[in-house]
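This report looks at charged side-chain pairs and at one helix. The sequence and structure are shown first, and the description follows.

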Amino acid sequence: MENTQSAIRSRKSHHKSRLGCGNCKRRRIKCDEKKPACSKCIHHAIECDFLSTAAVSSASSSSEPSPSRPLKAQFRFKPSKYGSGECNPKDEIGQPSSQTVSSEIQCKNCSSSPLPQSQDTLSIADLRLFHHFVTETYRTLTDEATDRNRVWQTHLPQWGFSSPSIFHLILALAALHLGHLHPELRDQYVIQADDHFTFGIRSVSVILSSLDSGNCQSIYMSTVLICFVYFAHGPKPGEYLVFSEKGKAEWLVLMRGVRSILMSNRDKIFTGVLQIQTDPVIQGVSPLLQDELGEHQSHIKELQRFIETKTGGSSTCQIYIGALEDLLGMFEEAYQSRSAGKDGVSLMPFVVGWIYRRPEQFISLLEEKEPLSLIVLAYWCILLKFMRSSWLMIAWDRHVIAGIRESLGIDFRQWIEWPMSVICD
């Protein structure tokens, strides 16, 4: 009896190590310290610190691979924990998600370090998401007439095979798109999307510190995907894209990250397949839309005069006037696109571009909910309305204009009557 109690009370000895990889340390989880990459990093498809160490030692003791013998880049995807219930209701396959397929990627010049030589597994649930992206979702994210290099259809999925961040983020977008198409299953798809989004963000964070000419296009497209996932999730209470009821607006933080990447590598990013394409069908504003555009321009110019009177030619006045003049240009370009029958995601460059070009002083005024800055933003919300045809942007215009109205004092609300009437019509 005493021996039994002694055995129960005894504790299994263990060795506490401080030699775990950096990812496990940051996540405060136990690392099994397996080489060349620990099991946790392999499971979550992120690059392990041990791998880079092994690659350096290997490079010093071996010769360069022959061009005739390409590197074998192993990519391990997170095994699915979802049941077959998340599939398309019309799908009759019904294969359990525990089934997996093997996939070995052959590449001669992988932009990221190859993952360890272990079997690569991809769940059926993830395969469904990937298939949906390359057949359906990509069409909703680009204007195919101007995407002549087929960035979204071909290159982005291909980059995903060597970039875990891109792969997880396109799966997140595909899941949210399926949730939009099948509202009865949205909750299940959102869970999948959130998991992939978490891994995507984590993977971007791992490589962001090593931004260079070789990976800047991949990192830039990762940040674009992150912004799209944010839109696709839909409006959140208290979050109004560029201002928030609490602290920094989440989307604005993402936008600042995109701007930082572009400022340091713009010429290297917009080359090759990402070179900006012009659309020959856009020829000007249709006479049928000219009067409608004129009404917007008239109200914006009236707001300009009010702000000039209110601020008396101060430096702040120039910030507002510059924002309104740029907004007039965005309306002109948006109406040229609408005249060619383009709306929705085709207007993304004008909508996001206006925010992107705003100086930090203007952004700070928005974050402080300064009334005149919010009034200017209310007119920008009209452009959000023109994007309603995109599933990504549903309800965003009404949400942001409602947040502006709640943040404005009664004395200023008359100055947003025009955008309110346009958006809430």
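Lys-248, Arg-256, Arg-259, Glu-360 and Glu-367 are linked in a network of salt bridges, where a salt bridge is a side-chain nitrogen of Lys or Arg within 4 Å of a carboxyl oxygen of Asp or Glu. The model is predicted, so local features need pLDDT of at least 70 and side-chain atom pairs count only at pLDDT 80 or more, while totals for chains, interfaces and linings use all residues. Residues are numbered from 1 along each chain as its sequence is written, and side-chain values use heavy atoms, with hydrogens and water left out.

Searching the whole structure gives 12 salt bridges, among them the following pairs.

| Pair | Closest N and O atoms |
|---|---|
| Arg-139 and Glu-144 | 3.6 Å |
| Lys-342 and Asp-143 | 2.9 Å |
| Asp-326 and Arg-358 | 2.8 Å |

Asp-326 lies in helix H12 and Arg-358 in the loop between H13 and helix H14 (360-367), so this pair ties together parts that are 32 residues apart in sequence; helices are DSSP runs of H or I with at least four residues, numbered from the N terminus. Both Asp-326 and Arg-358 are buried, that is, under 20% relative accessible area, against over 50% for exposed and in between for partly exposed (1.4 Å probe, protein chains only). Lys-342, at 14% relative accessibility, also counts as buried, as does Asp-143 at 17%. Arg-139, by contrast, is partly exposed with a relative accessible area of 43%, and Glu-144 is partly exposed with 39%.

In helix H8 (residues 186-208), the buried residues include Tyr-189, His-196 and Phe-199.

Terms used
Helices (H or I, at least four residues) and strands (E, at least two) are DSSP runs, numbered from the N terminus.
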